[in-house]
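Visitor: Hello! Could you show me this protein and walk me through it?

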Amino acid sequence: MTEPSPRKYLKGNARHKVSVDLKVRYEDGASVRQLATETGYSRGAVSDLLLFAGTRMRPSVVDQDPDPGSEPA
């Protein structure tokens with residue numbers, strides 16, 4: 001997919017189209033970080049576009065405890 005320039009603010013149909021495309025790719029397993037790298041948008045912009053499209057977000061890897069039985073440092 002050819003993405004609009006990440007330096008240009010997306011409005012109207014362009015915003016809707018990009019957000020829906022990102023939603024499909026995210027729901028197919030791509031991470032926010034991967035989508036940001038592929039499109040040139042920041043991770044924050046990708047997250048905003050996914051939320052705009054009504055995407056149910058997965059927990060961030062950072063938010064998940066890598067070893068639930070371990071004691072905090």
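Predicted model: local features only at pLDDT ≥ 70, side-chain atom pairs only at ≥ 80, totals over all residues.

Visitor: In what order do the elements of the protein run from the N terminus on?

Guide: Let's start with the count: the protein has 3 helices and 0 strands. From the N terminus on, that gives the order α-α-α.

Visitor: How are helix H1 and helix H3 oriented: roughly parallel or roughly perpendicular?

Guide: Two packed helices are described by the angle between their axes and the distance between the axes. Here the axes of H1 (residues 12-27) and H3 (residues 43-52) come within 8 Å and cross at roughly 95°. Angles from 65 to 115 degrees count as roughly perpendicular, so H1 and H3 are roughly perpendicular.

Visitor: How many residues of the contact of H1 with H3 are nonpolar?

Guide: On the H1 side, the contact is made by Arg15, His16, Val18, Ser19, Leu22, Lys23 and Tyr26. H3 brings Asp48, Leu49, Leu50 and Phe52. Sorted by kind, 2 of the contact residues are polar, 3 are charged, and the nonpolar ones number 6.

Visitor: Which residues is Leu50 in contact with, leaving aside its neighbours within four places in sequence?

Guide: Leu50 belongs to the largest nonpolar core, and Leu50 is also one of the residues that H3 brings to its contact with H1. Leaving aside neighbours within four places in sequence, Leu50 is in contact with Leu22, Lys23, Tyr26, Val32, Leu35, Thr55 and Met57.

Visitor: Is Arg43 buried or partly exposed?

Guide: Arg43 has its place in helix H3, and its relative accessible area is 47%. Buried means under 20% and exposed means over 50%, so Arg43 counts as partly exposed.

Visitor: What distance separates the C-alpha atoms of Arg43 and Arg33?

Guide: Not counting residues up to four places away in sequence, Arg43 touches Val32, Arg33 and Ala36. Arg43 and Arg33 are 10 residues apart along the chain, and their C-alpha atoms are separated by 6.0 Å.

Methods: Residues numbered from 1 in each chain as written. Heavy atoms only, no water. Axes fitted to C-alpha atoms, helices over the stretch in contact; angles between N-to-C directions. Helix = DSSP H or I, 4+ residues; strand = E, 2+ residues; numbered from the N terminus. Parallel < 35°, antiparallel > 145°, perpendicular 65-115°, else oblique. Contact = heavy atoms within 4.5 Å. Nonpolar A, V, L, I, M, F, W, Y, C, P; charged D, E, K, R; others polar. Core = buried A, V, L, I, M, F, W, Y, C linked by side-chain atoms within 4.5 Å. Buried < 20%, exposed > 50% of the residue type's maximum accessible area, 1.4 Å probe, protein only.
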